[in-house]
Amino acid sequence: METILIILSIVLSFLSLLALILLIVSIRKKGSKSDSSADILVLKESLTKTQELISQNLKAFESTISLRLENLEKEERLSLENADKTLRDNLATLDKTLQSLNKTQEEKLSEIRSMVDEKLQKALDERLASSFKSVSDQLSGVYKAVGEMTRIGQDVSSLKHVLNNVKTTGILGEIQLGNILKDILAPEQYECNVATKRNSRDNVEFAILLPGKDDKKVYLPIDSKFPLSAYEDVLSARKEGDKEKVEACRKQLRLRLLSFAKDIQVKYIDVPNTTDFAVLFLPMESLYEEALSLDLLSLCQQKYHVVLSGPSTLSAFLNALSMGFKTLAIERKTSEVHALLGKVKQEFGKFAEVLSSALKSLDQTRNRLEDLIGVRTRMIESSLRSISLPDTPKENQDNKTDIPVE
C-alpha cells in the first residue's frame, strides 16, 4: 500500500511539473516581459521544489523498494528454507518408506527364495533319486551284461580251445551239414557215412540218393571241411595290417582247400556209382567268401570235379534237388495212375457187358410179368362179375363201405 502511495505522489509531482511548464509556455505567449521573469522565478522555485519533492519521493520509493526487496528476499529465503526442510522431511519419509519397502521385499524375496529353494531341493532330490535309481538299474544291467560277456568270453575261449582240435571242428561242420540236409530233404533221400567208391573203406559224411538207370541208386557225395586254424591266421594277419603275412596265410588256406578237394575226388567220386562231381561244404559264409576270393570255385570244379559250397548256397542247391525229386515223384505217380486208369477202363468194359446182359434178363422178366398179370387179372374180373352182393338196410346204406373182394 505504501508503495502505491509513493507512486501516486511521484505521478502527481510530474503532473504539477507539467502544469508549470504549460503555464510558462502560456505566459511567454502573452509577451509581458516583466511578468514573465517573475513567473519564471516562481516557476523555477516551483520546479526546484517539485524536483526536491520528486527526489524525496524517489528516495522514499527506492528505500521502499529496497526494503520490499529485502522482505521479499527474506520471505523467499524462508520459503526456500521451508521448502528445503519440507523436501528433506519428505525425502527422509520417502527414504524410510523405501527402506521399509526394501525390507518388506527382502523378507518376501527371502520367503519366496526359501520356498523355491525348498521346492527345487525337493524336486532335485526326487529327480536325483530317480536318476540314481535309473543309473543304478542300468549299472546293475551293465554289471550283469559284463558278467554275461565275461561268461561268454570264457565260453568262447573254451570253445576256441575245443575248436583247436581238428576232429572237433570237423564234427561241428558235419553236424551243421546234417541239420541242413534234415531241414530240406526227406530221410529216404540221403544217407550218412556211406562208402560211395567200390572196394573202398573211406566213408563220406553224407550222400544224396539220385535216380539212375534201371532204378539204380546214384550217390552225390557231400563232405564238410573246416580249416579253422588257417582261416584264423588270415583274420589275425588282416587285423595286424601286415599285407605280406596276409598273402602268405591266404596261400596256406588256398593249399588246404585244394588238398581237401583232391582228397574228396580220390576217396568218394566213382562214376557210375556216384555223380561225376562232389560237394565240399564250408560251414562258415565268411570262409566260403574267402575261398571265392582265392579263385578256388572254378579251379576245384575243373581240376578236381568238386563244387565249393557255403550254408546258403548248399541250401539253395538242396532246394533245387528237392524240387527235382518232387517232379520225378509226380512223373512216376502219373505213370502209375495211367496204368491204373487202363485197368479201370478194361474192367469198366466188362462191367458194361455184364450190365447189358442183366438189363436183357430184366426186360424178359418184365415181359413175363406183364403177360402173367394181364391174363390172370382178366380171368379174376370175369369171375367176379357173376357174383351179386346181398341187399343192405337203408339205414346202413349211407354208411356202407365198399369191401374189396378177395
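## Overall content

In this predicted model, 67% of the protein chain's contacts with a separation of 6 or more are between residues 24 or more positions apart. The protein chain has 406 residues, and 21% of them are buried.

Eight helices and five strands are present in the protein chain. Their order along the sequence is α-α-α-β-β-β-α-α-β-α-α-β-α.

## Helices α4 and α5

Two packed helices are described by the angle between their axes and the distance between the axes. For helix α4 (residues 228–240) and helix α5 (residues 243–268), the axes come within 8 Å and cross at roughly 165°. Angles over 145 degrees count as roughly antiparallel, and α4 and α5 are therefore roughly antiparallel to each other. The crossing in which α4 passes α5 is left-handed.

On the α4 side, the contact is made by Ser229, Ala230, Tyr231, Asp233, Val234, Ala237, Arg238 and Glu240. Lys245, Val246, Cys249, Arg250, Leu253 and Arg256 make it on the α5 side. Sorted by class, the contact of α4 with α5 consists of seven nonpolar, six charged and one polar residue.

## Helix α6

Helix α6 spans residues 285–293, and its buried residues are Leu287, Tyr288, Glu290 and Ala291. These residues lie on the same side of α6, because the arc they cover around the axis is only 160°. An α-helix has 3.6 residues a turn, so residues three or four places apart point the same way.

Just after α6 comes Asp295, which takes a positive phi of about 60°.

Note on methods
Residues numbered from 1 in each chain as written. Predicted model: local features only at pLDDT ≥ 70, side-chain atom pairs only at ≥ 80, totals over all residues. Heavy atoms only, no water. Axes fitted to C-alpha atoms, helices over the stretch in contact; angles between N-to-C directions. Helix = DSSP H or I, 4+ residues; strand = E, 2+ residues; numbered from the N terminus. Parallel < 35°, antiparallel > 145°, perpendicular 65-115°, else oblique. Left-handed = near helix turned anticlockwise from the far one by under 90°. Contact = heavy atoms within 4.5 Å. Nonpolar A, V, L, I, M, F, W, Y, C, P; charged D, E, K, R; others polar. Buried < 20%, exposed > 50% of the residue type's maximum accessible area, 1.4 Å probe, protein only. Arc of directions from axis to C-beta.
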